[in-house]
Amino acid sequence: MAEMNEITLHQVFESMNCGIIVMDRAGRIQWVNPQARGILKPSGRLCPGEAIGTHLPLTGRLVERCLKTGEPQLDKHLQGKHVDIVVHVTCMKASGKITGAVCSLDKIERFEEAASQLDSVKRLNRQLTAIVDNSSDGIWVCDGNGTVITVNKSSERLNGVKAEEVIGKHVSIMEDKGLVDHNVTPEVIRTGRKISALQYIKRTGKYVLMTATPVFDENGDISMVVSNGRDMTRLNAINEELEQIRMKAQKLEDRLAEIDMLQLKDQDIVAENDKMVQILRVAFKLAKMDASNILILGESGAGKGMLAKFIHKNGNRSKKAFIQINCAALPETLLEAELFGYEGGAFTGARQKGKAGLLELAHGGVLFLDEIGDMPISVQAKLLKYLDDHMVMRVGGTQARMIDCLIVAATNHDLEAKAKEKTFREDLYYRLNSFIIHIPPLRERPEDILKLANSFLKKYNAKYNLDRRLSYRTLEFLRSHPFEGNVRELQNLIRRLVVMGEPDASPATARDDYGEPLPAATAPPPVQYGLDPAQGLTAQLEAVEREILRRAFARFPSTRQMAAQLEVSQPTIVRKLKKYGLAGKDT
Ligand SMILES: Nc1ncnc2c1ncn2[C@@H]1O[C@H](COP(=O)(O)OP(=O)(O)OP(=O)(O)O)[C@@H](O)[C@H]1O
């Protein structure tokens with residue numbers, strides 16, 4: 001205290017950072033500190049000694065007002081010719097009376113500098129507030145003790161709280177109020193680690209993924225915990241929407257497949273049976289995928305070759321070759337030479353120039369290996385090598401060539417059983433069975449029989465330039481008897497019926513074309529004229545006429561032939577067929 005008493009007012013004023021001028025009751029300068037002299041120097045005023053007892057025009061009016069009213073004049077900007085300052089003028093009082101004034105002043109630049117710093121801080125603050133407030137994620141900021149400092153708008157929405165409810169309170173208030181099932185901030189403060197957890201917000205029923213991150217100060221202490229909350233409810237909804245879109249896309253894909261299938265109807269393949277339709281669908285997809293090593297299984301004549309052609313036709317190799325070889329038809333060495341080709345002089349009887357193998361010829365296209373179950377083991381080994389590296393070396397050759405062809409194989413053997421009993425290479429079997437298609441025999445798909453019969457009828461009528469129809473008897477036979485043969489037998493039967501005409505080519509005489517002879521065709525059922533004595537003559541006559549027409553309709557392939565048989569004109573036949581609902585035949 002004693003030391004303090006020794007400090008004079010002089011010393012205080014002279015050490016101050018701003019200019020100080022003391023005036024008496026009349027506003028005359030009594031004392032000036034060096035800083036005030038420095039600030040006002042450019043104006044040429046306040047030279048040491050000169051100024052005392054004079055008025056300072058620049059501050060004159062402010063000093064006058066202050067002395068008159070006793071009101072302090074603060075933060076006044078005064079601009080002279082040579083100086084630009086900010087001034088505060090306050091009164092000195094003694095016993096309640098104004099005794100003089102003190103004027104503190106500073107250069108405007110110092111204020112401007114501070115103000116501009118303040119401006120940029122304010123701008124930064126505004127930007128940060130805008131970022132935090134406009135973030136779609138919820139943001140909570142707590143201090144190092146867990147006291148809530150900031151809560152943004154999204155967080156208010158997510159948590160169903162108002163910022164003022166929680167700011168200044170400890171973050172545990174959320175748990176205490178039962179608003180959230182658990183809070184990670186205290187744990188972050190305890191462990192100093194970033195923590196993420198799924199939170200259930202009871203008030204809003206939302207699931208929020210919270211990530212709380214510690215912010216450390218220069219001493220390594222946690223100064224803040226910034227928690228980011230993402231609304232998973234929305235993400236879940238988006239996921240569900242995505243799932244629905246996926247399902248829609250799947251439906252569209254299925255629809256496209258349906259359209260593709262409709263296009264298939266234009267192709268020569270018959271598939272009424274559900275399994276067969278499914279098989280075509282799969283084959284179609286495989287073709288579009290350019291899938292190789294497809295194995296088609298099925299009894300002889302079930303349609304394996306036809307399916308292989310279908311795959312070729314519907315794939316992107318359709319413009320390239322489709323080459324077929326029956327592996328059971330050639331002896332071992334010949335088959336090898338056929339498949340892989342040979343160089344000139346490779347063996348006795350070999351062509352001078354050598355020959356390209358079927359694999360080479362099928363480059364870019366499809367090679368169909370029919371009856372692969374009968375392929376000799378040595379050739380199987382070579383085929384396996386090709387499937388592994390796609391390189392083909394001609395017999396007797398020294399240079400392998402890269403060949404790209406899609407392999408489709410078929411067999412009526414149980415290849416798996418053959419692999420087990422070592423009559424077929426197991427490794428080749430596994431290489432070939434990437435995609436297996438099993439075609440059921442025709443007897444297991446009776447829905448296809450009549451459709452196939454009609455399709456073959458059309459084909460052979462066109463081929464032999466005939467106009468045959470299947471008789472009622474044949475149709476009835478095919479409809480009502482199990483057909484033991486496969487598609488090839490049915491095809492042969494229809495060809496025979498078309499070529500030979502009926503009745504000689506009836507199914508009953510077609511036994512050569514079947515594995516087993518066909519049972520005798522059933523006789524057409526006795527005519528039921530539907531005579532009803534209770535009806536009038538016209539109705540009864542019409543019943544008889546309808547039955548005659550129905551039989552003729554089943555028997556003759558064209559209305560012209562019906563007309564000739566029944567000895568009426570063709571238009572009459574057409575008209576009557578329409579009348580009795582039998583229309584549909586050519587006119
Ligand atoms: N679904 C079908 N639609 C139309 N024609 C078919 C159908 N299935 C088979 N065919 C025809 O039947 C005949 C026999 O079929 P394919 O030669 O494909 O049988 P496969 O199973 O390969 O016989 P194999 O084992 O004796 O070689 C062919 O003329 C084929 O075009």
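Analyst: **A helix across a sheet**

Some ground rules come next. This is a predicted model, in which local features need pLDDT of at least 70, side-chain atom pairs count only at pLDDT 80 or more, and totals for chains, interfaces and linings use all residues. Residues are numbered from 1 along each chain as its sequence is written. Helices (H or I, at least four residues) and strands (E, at least two) are DSSP runs, numbered from the N terminus. Contact means that two C-beta atoms, placed from the backbone, lie within 7 Å. Axes are lines fitted to C-alpha atoms, for helices over the stretch in contact; angles run from 0 to 180 degrees between N-to-C directions.

Two strands pair if DSSP finds at least two bridges between them.

Go strand by strand. Strand S1 (residues 19-24) pairs with strand S5 (residues 97-107) in the antiparallel sense, over 6 bridges. Within that pairing, Asp 24 has Gly 100 in S5 as its bridge partner. S3 and S4 run antiparallel too, joined by 5 bridges. They form a hairpin, with 4 residues between the two strands. Gln 73 stands opposite Val 89 in S4.

Leu 74 sits in strand S3. Its C-alpha atom is 7.9 Å from that of Thr 90, a residue 16 positions away along the chain.

Next, a second sheet. This open sheet has 5 strands in the order S7-S6-S10-S9-S8, and the pairing is antiparallel. Strand S7 (148-151) and strand S8 (195-201) are its edge strands, each pairing on one side only. Here the twist averages 25 degrees from one strand to the next.

The pairings can be followed one at a time. S8 and strand S9 (residues 206-216) are antiparallel and share 7 bridges, with Ala 197 opposite Met 210 in S9. Strand S6 (residues 138-143) pairs with strand S10 (residues 222-231) over 6 bridges, again antiparallel. There, Ile 139 stands opposite Asn 228 in S10. S9 and S10 pair over 9 bridges in the antiparallel sense, and the bridge partner of Phe 216 is Ile 222 in S10. S9 and S10 make a hairpin with 5 residues between them, and Gly 220 in the turn has a positive phi of about 85 degrees.

Positive phi also turns up outside glycine. Asp 290 has a phi near 60 degrees and lies in the loop between helix H11 (274-289) and strand S11 (294-297). Asp 290 counts as exposed because it has 11 C-beta neighbours inside 10 Å. Asn 465 has a positive phi of about 55 degrees. With 6 C-beta neighbours inside 10 Å, Asn 465 counts as exposed.

Last, the whole protein. It has 23 helices and 19 strands. Buried residues make up 27% of its 587 residues. Of the contacts with a separation of 6 or more, 58% join residues 24 or more positions apart.

Conventions:
A residue is buried if 20 or more other C-beta atoms lie within 10 Å of its own, exposed if 12 or fewer, and partly exposed in between; C-beta atoms are placed from the backbone.
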